[in-house]
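Reader: I am new to protein models and would like to learn how to read one. Could we go through a few features together?

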8 protein chains.
Amino acid sequence: MDVKTVKKILSEIQKGNISVEDGLRELKHLPYEDMSFARVDHHRHIRQGIPEVIFAAGKTDEQVISIAKAMYKRSGRFLITRATQEIRKALRIKEAVFHPAAGVISVGEVRKKKGHVLVLTAGTSDMPVAEEAAVTASFLGSRVNTLYDVGVAGLHRLMGNKASLYEARVIVVAAGMEGALPSVVGGISDKPIIAVPTSVGYGTSLGGLTALFAMLNSCVPGIAVMNIDNGFGAGCLAHKINTLH
Amino acid sequence: MDVKTVKKILSEIQKGNISVEDGLRELKHLPYEDMSFARVDHHRHIRQGIPEVIFAAGKTDEQVISIAKAMYKRSGRFLITRATQEIRKALRIKEAVFHPAAGVISVGEVRKKKGHVLVLTAGTSDMPVAEEAAVTASFLGSRVNTLYDVGVAGLHRLMGNKASLYEARVIVVAAGMEGALPSVVGGISDKPIIAVPTSVGYGTSLGGLTALFAMLNSCVPGIAVMNIDNGFGAGCLAHKINTLH
Amino acid sequence: MDVKTVKKILSEIQKGNISVEDGLRELKHLPYEDMSFARVDHHRHIRQGIPEVIFAAGKTDEQVISIAKAMYKRSGRFLITRATQEIRKALRIKEAVFHPAAGVISVGEVRKKKGHVLVLTAGTSDMPVAEEAAVTASFLGSRVNTLYDVGVAGLHRLMGNKASLYEARVIVVAAGMEGALPSVVGGISDKPIIAVPTSVGYGTSLGGLTALFAMLNSCVPGIAVMNIDNGFGAGCLAHKINTLH
Amino acid sequence: MDVKTVKKILSEIQKGNISVEDGLRELKHLPYEDMSFARVDHHRHIRQGIPEVIFAAGKTDEQVISIAKAMYKRSGRFLITRATQEIRKALRIKEAVFHPAAGVISVGEVRKKKGHVLVLTAGTSDMPVAEEAAVTASFLGSRVNTLYDVGVAGLHRLMGNKASLYEARVIVVAAGMEGALPSVVGGISDKPIIAVPTSVGYGTSLGGLTALFAMLNSCVPGIAVMNIDNGFGAGCLAHKINTLH
Amino acid sequence: MDVKTVKKILSEIQKGNISVEDGLRELKHLPYEDMSFARVDHHRHIRQGIPEVIFAAGKTDEQVISIAKAMYKRSGRFLITRATQEIRKALRIKEAVFHPAAGVISVGEVRKKKGHVLVLTAGTSDMPVAEEAAVTASFLGSRVNTLYDVGVAGLHRLMGNKASLYEARVIVVAAGMEGALPSVVGGISDKPIIAVPTSVGYGTSLGGLTALFAMLNSCVPGIAVMNIDNGFGAGCLAHKINTLH
Amino acid sequence: MDVKTVKKILSEIQKGNISVEDGLRELKHLPYEDMSFARVDHHRHIRQGIPEVIFAAGKTDEQVISIAKAMYKRSGRFLITRATQEIRKALRIKEAVFHPAAGVISVGEVRKKKGHVLVLTAGTSDMPVAEEAAVTASFLGSRVNTLYDVGVAGLHRLMGNKASLYEARVIVVAAGMEGALPSVVGGISDKPIIAVPTSVGYGTSLGGLTALFAMLNSCVPGIAVMNIDNGFGAGCLAHKINTLH
Amino acid sequence: MDVKTVKKILSEIQKGNISVEDGLRELKHLPYEDMSFARVDHHRHIRQGIPEVIFAAGKTDEQVISIAKAMYKRSGRFLITRATQEIRKALRIKEAVFHPAAGVISVGEVRKKKGHVLVLTAGTSDMPVAEEAAVTASFLGSRVNTLYDVGVAGLHRLMGNKASLYEARVIVVAAGMEGALPSVVGGISDKPIIAVPTSVGYGTSLGGLTALFAMLNSCVPGIAVMNIDNGFGAGCLAHKINTLH
Amino acid sequence: MDVKTVKKILSEIQKGNISVEDGLRELKHLPYEDMSFARVDHHRHIRQGIPEVIFAAGKTDEQVISIAKAMYKRSGRFLITRATQEIRKALRIKEAVFHPAAGVISVGEVRKKKGHVLVLTAGTSDMPVAEEAAVTASFLGSRVNTLYDVGVAGLHRLMGNKASLYEARVIVVAAGMEGALPSVVGGISDKPIIAVPTSVGYGTSLGGLTALFAMLNSCVPGIAVMNIDNGFGAGCLAHKINTLH
């Protein structure tokens, strides 16, 4: 509801071009489409900088597909996370790309990439979350590099890749278990760090809560923490920071 | 341990200017100072972009002061958080400034401010945390505005200040209780948002855990979340993002 | 055990129409029927204003059906929640209606609706819980409207439907994740609000606990909170309040 | 932001009585007052049906008093909860009443009471929370009765007061420990029941969480649950329901 | 509400000795006394086998004393737990006995003891809870022996007292920390065992939750578990079992 | 390791009938049988009053059967809990009885029953746990009655069966959800009460933790609490108390 | 990165045998191999004393096998935990041994065993975890004995095996439920004890948290505690201690 | 209860030197002393390798002192942890030493130190716990070095002290907040590592639970974890391992 539009509406009323009732209706009218079970919000990109995303888990394939089609018709641009190859096939949208390691379907990826986001993982099992972050940031228009399995039990693996750390503008770190990698990375780099706890582990890893709490308590000040397994959120924030001008 | 310095040391060895033993010692030597109970790390600013900070809670006033003095002698620049007027007085450092609303002592604040950080609170009681964030970011060199008591129960208070939201490069939101304000702000602004849960509330606010979890589960993607009451961390991250170039 | 009945029994004893022993037995006799595994309570409606309901989850289909049949024979009026189409078919009761979106079977719905209950959801995934509430309140005799997917990340969607909010006597709000919608609705409307946390989300949504705690900590005073996913309870309370005279 | 006012502003613009800029400003202008640390919201009563309340815990006496004075000047009507006799004295407002059992200061209580709210407690120790609810509902204009120490270990005490239960329009039940009283009351009465868990108990009472969870899991459908010790919220909701017409 | 009394009332109505109204009032009348903040329940002993007890924590000394005096007047017999020497003095009841190790005041202890209850502790710090149990059971009329500091780290201390274990009819075991003693005792004795977790410990003892959960998970079947630090409850149950005939 | 046996061994040594080495071996020798994966403890009945029981969940059917056979050969008497009809069939022990409602296989049930144990449930879904308790107590030799679905939402159902409560020597109460039934029963009866929380419920029932904590916090003193769903333990304790002489 | 190697490299630079650039590269070069999804760390054994292990749970069989093959080619020595017979077969490595009770595949077990590790379990169900510990320690070169099902409910079973306890250098104790066995063992033996909580149990065993917390709170000082079900970790630590010289 | 002593007693019986009754008494007699509130266990050192320790927190000074005096008289050797200077003074034992940084009083420290234990901390605030460990291990006879404030945010501080790590036989690591230091140390050293989580931190550090869980989930296998703040336990285990021969 930007000020210019409102001002313009008021001016039209003043000029007598539109009636008070029409003006009122205009002011109330906002650009979303009612689909009974989901109000597709086509102008969200303008407001939040991030296109609409469909979180497929907890929705039927049919719901996912009908929301996706409405988005496709209007903006031709969206993401589906926690998606499957089955949804990709049922979509019948030619330019839809399925990223299997990330479980993401993307439509309308930005071609020209900017800046530099680095995505790290502590172990092999943290890869799906990291890939969700990488695919998201790349889709939005960020240049993305990845460096996996560089956890704290073998610091030399991280140290041997310091150059990568220094080149990035923003660093995303996905780690499960004790979630210590963001602290170590934060001790080396002065760039904004986004930590994503993963649900990797067993017993007292508590489905990722231990990694989450460890990251929130990092002795390195100012680490941005995401929800458990929330690679998508990390990708969004990394892109927002990476492209801030 | 930057590559240039190491290269230089190796060259000196090669040239015979320094012995192998001396070179070895040099490589091991890192610029921190041993004070028996705290290794003051004067080069941290170079590595992490943030000067050393002393978290006064859980340290005796004597410990705080002796660490502070060591820092003062070397770099003349540091922060003490969760500090008191008593520590300020005992410090006997002329340029030390005590910020009572934030509970922060700052020495060596950057004069020339850059960019624009906006700090919001949901309620009056969230102010100390917000002030800690504001003082920190300002100390590091960010231009900071504040807007307090604009919580979701009275959305018109926030809506009446939309202009402030659009002007900021980064927004810090401190909120306790149900922690809903970051989601609402994130629905309006496309700037990076840093959410700081506060321990304001009672009963099931669980000392801030409810606000924390609410923020981690925001339906707005990519909100950066901090530990409970961690205004200092929020200030650091806000400054890092605000001054990223 | 209403006073009139007791008084009547005592009068009959006084008049000598019934013996002390018979009177004693009458006083003890309460109108429920023993089915060995479930005491069907036909007079519950009189005491609590809500007909008996069968929570199908955790009971075998056979148990559900035999309880349902006993109820049908007596009062011809009951609900089965967390039900399936399979139970509906096995029931062999003609007027039984299965509401698939709600997972509810209803028999003997009140035809004449009164007042006005509005049921909102934050997202598409909260719909099953909202539908359980809507079907329940409607079954009991309340007029019910629904408005779905109006979460806080896009406040304009809610604001564009303010009229609906003002028309309702009671508002039910179902939301998962950060559970912020009831606070926002409560900031706009002065009607009683019933908040139902849903188990929608992942990681730190903790199966709905985060939404629950957020709602209990709302900065809007006096929001009525239900158990996680308890659409049935919300429907009952909404009806009770809506029809209070 | 009611429709009539907006319509009127638009009409004035149309008629040329006010300029577009002034109209814009009017639309943005909302009736709250900036006090730097707390935006006093004088129109909240119109929007939510509840006057502003000051939660004194977690604020300095000075902050409480200066907010209170701003409210007093404008509307002459507000509540301070978790208050003390000291605050009452420092307020220097003649008509301010301190309710010691409730820890509430009230200014501008509604004289003419309507309907009937009944407030119950399980034990003696639950009284402060119950009194907070009773004082709040009465302040807002509800007729309030109380019945204390009628917990489930001695059901005859409750049963001996059934008449009180039948007379009330809304029942507030405050209980700590196992929190069973609302279920028992709900089995007897068909009126809306508001359950307030209290922090009374020790060990596994977990500061009221056990009572809270017990109430949320009541086998009586549709009990409205509040945050732990939240007597104020219970009083607000009870009044809203009691006076719904 | 025993059957005989009701029968007698009905007979009186039948005989015309009392009117229907009076009979109705009689039936409703139950023997408790209204003190506005606490309904003293003098017939509780008949119903539950345990005289009224006052849990002093969370009540003012004045409340404790006025409840105590009402009890004294009627039955001359009650307990005050979590009590202090101050309350004892203020009571001004000659036969009141203060048990300092237990923090209990008793009035009207049963002189003639029956059966045999054994109370054990794992460590010295568990003594206050054990003493509360011992004083309670003894007050009610059980013969009580104690054996303290016989924890599992030194099994020989327990083994050297096996005779005591075999002589008891019921065994109360108070233990904090890992709460293992009841399992060991249960492996030796075939008598009913009542386990009382204590809040002794630090860190992951979680205020007694660890001991509680350990006791609930004992590999010895059928151990009766109490709330944390609930020596009073243990004493009541021990006495009930000890004197069951 | 009873004193008589040891004394006898020492006497034999004294008399020279057995050597020191043999005596030593005798003292160490305890009557259990090594099966490599499970030490079957045939004398447990003597020590604890309860025959060996096999908890089938978490063991393979093969393990269950081979342990069962070893027990059968020696004592001919044991229970298998959380068992299935499949195990019953594979056992090939003629007198083995499978109790389907309880999920228990019993071999060697005591024919002559003593005393009187009453087992109650709050709802229909609590029956499997209650049946496990009933079958266990009956197997051990207690006379057992059951009364199901008498929860607090319809107190008249319980009140109509007061006679059953007064006849029992021990009462087992199984309840899920808010777990309030034991408190109500404890307010009526003066017999030892054993409360078994069940995992019946959803959301904040937390798999039975809410019922467990409610029972531990009962305002009725001295209720014996079991682990969640531990009907077997309740049956053992009920029998121990019921047959204490 | 041991000092000798670095010294040698510096000497070579000094002597002019290698260039500064080559020296720099050597210093940075660390012996791991990049496989894109997992950096196999062949020198880990040198640094940590434990060969690389693959935790198969949470990895696809394909990933497990390709990591395993890389390890096999280089060092011919590794473990796969939480493995299956299927993985063993697909590996096609002749000397790979599958230990079914432990769920471990080992390649390159040390033939010559040293010292003495004793592995105990409380019950039969704790065996898989104990076997994982036993197989691990044995694989690394420790002599291992096992003693299963010697839980605290039948202490004589443990006492009858005291000799085994005295012979061991290190004792591993795996226990679920109340986790009391390590305390009892620690009261008898003066050797280092490693406690492994297992997820055996139900209800309040909380998936092993209760056993874990009980072990951390042992009244025996200095018990080493592992994560829930972490037999592998226990085996590693037992071997490290057992072979410390 | 060692075999030799028993054998000797049996021999004496055989020889007729002592009677069966006396032998029986001897077998039962174990060397502890009954002080009514604490059974002082003078032979514990023989059984567990650790002298008796008094945990002063939760005991009155009087209790601490009387237990201490009993110990002093017999063995002249013990520790008091969580002690104060006040207790030291009241003890009136000349050779008692108070260690203020550790809060420990020691009597009878072993003069000749063996082996080498290294104690590390992540930060300054972890020092009291580390000192408790260091004082304990030293008291028992271990040579102890300390290295404080070498946390992961500044890895160079740790790396600059690698030599210390390589010289130690056992390493104790005390860390609060995210508890990451043990993992990093474990990635460098192959010695047994004992991790002690401290309660240092705020908000989601959860009083040390976050550090504890992080340590239990370390990606370095076989780290021994202690209870929160349990420096004493760490010192005991470190000494046991250090002096294992």
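**Reading the model**

Author: Begin with one residue: Arg82(A) has a relative accessibility of 29%, so it counts as partly exposed. Keep in mind that this is a predicted model.

Reader: Where in chain A is Arg82(A) placed?

Author: Arg82(A) lies in the loop that runs from strand 4 (78-81) to helix 5 (85-91) of chain A. Although Arg82(A) is not a glycine, its phi is positive, at about 50 degrees.

Reader: How many residues of helix 11 of chain C are buried?

Author: The count is 12 of 12, and the helix is mostly covered. Among those buried are Phe232(C), Leu237(C) and Ile241(C), and the list also includes Lys240(C) and His239(C). This helix covers residues 231-242 and reaches 16 Å from its first C-alpha to its last, close to the 16 Å expected.

Reader: What describes two packed helices?

Author: The general idea is to give the angle between their axes and the distance between the axes. In chain E, helix 6 (residues 127-140) packs with helix 11 (residues 231-242) at about 35 degrees, and the axes are 7 Å apart. The crossing of these two helices is right-handed.

Reader: Which residues of helix 6 and helix 11 of chain E make the contact?

Author: Helix 6 of chain E contributes Val129(E), Glu132(E), Ala133(E), Thr136(E), Ala137(E) and Leu140(E). From helix 11 of chain E come Gly231(E), Phe232(E), Ala234(E), Gly235(E), Cys236(E) and His239(E). By type, the residues of this contact are 7 nonpolar, 4 polar and 1 charged. As for the spacing, an α-helix has 3.6 residues a turn, so residues three or four places apart point the same way.

Reader: What ipTM and pTM does the predictor give the complex?

Author: The ipTM is 0.82 and the pTM is 0.85. For chain A, the pLDDT averages 85, and 85% of the residues score at least 70. Residues 28-33 of chain A have a pLDDT below 50, and this stretch has 18 contacts in the model beyond near neighbours in sequence.

Terms used. Residues are numbered from 1 along each chain as its sequence is written. Chains are lettered from A and ligands numbered from 1 in the order in which they are written. This is a predicted model: local features need pLDDT of at least 70, side-chain atom pairs count only at pLDDT 80 or more; totals for chains, interfaces and linings use all residues. Side-chain values use heavy atoms; hydrogens and water are left out. Axes are lines fitted to C-alpha atoms, for helices over the stretch in contact, and angles run from 0 to 180 degrees between N-to-C directions. Helices (H or I, at least four residues) and strands (E, at least two) are DSSP runs, numbered from the N terminus. A crossing is left-handed if the near helix is turned anticlockwise from the far one by less than a right angle, and right-handed if clockwise. Contact means heavy atoms within 4.5 Å. Ala, Val, Leu, Ile, Met, Phe, Trp, Tyr, Cys and Pro count as nonpolar, Asp, Glu, Lys and Arg as charged, and the others, Gly among them, as polar. pLDDT is the predictor's confidence in each residue, from 0 to 100. The expected span of a helix is 1.5 Å times one less than its number of residues. Buried means under 20% relative accessible area, exposed over 50%, partly exposed in between (1.4 Å probe, protein chains only).
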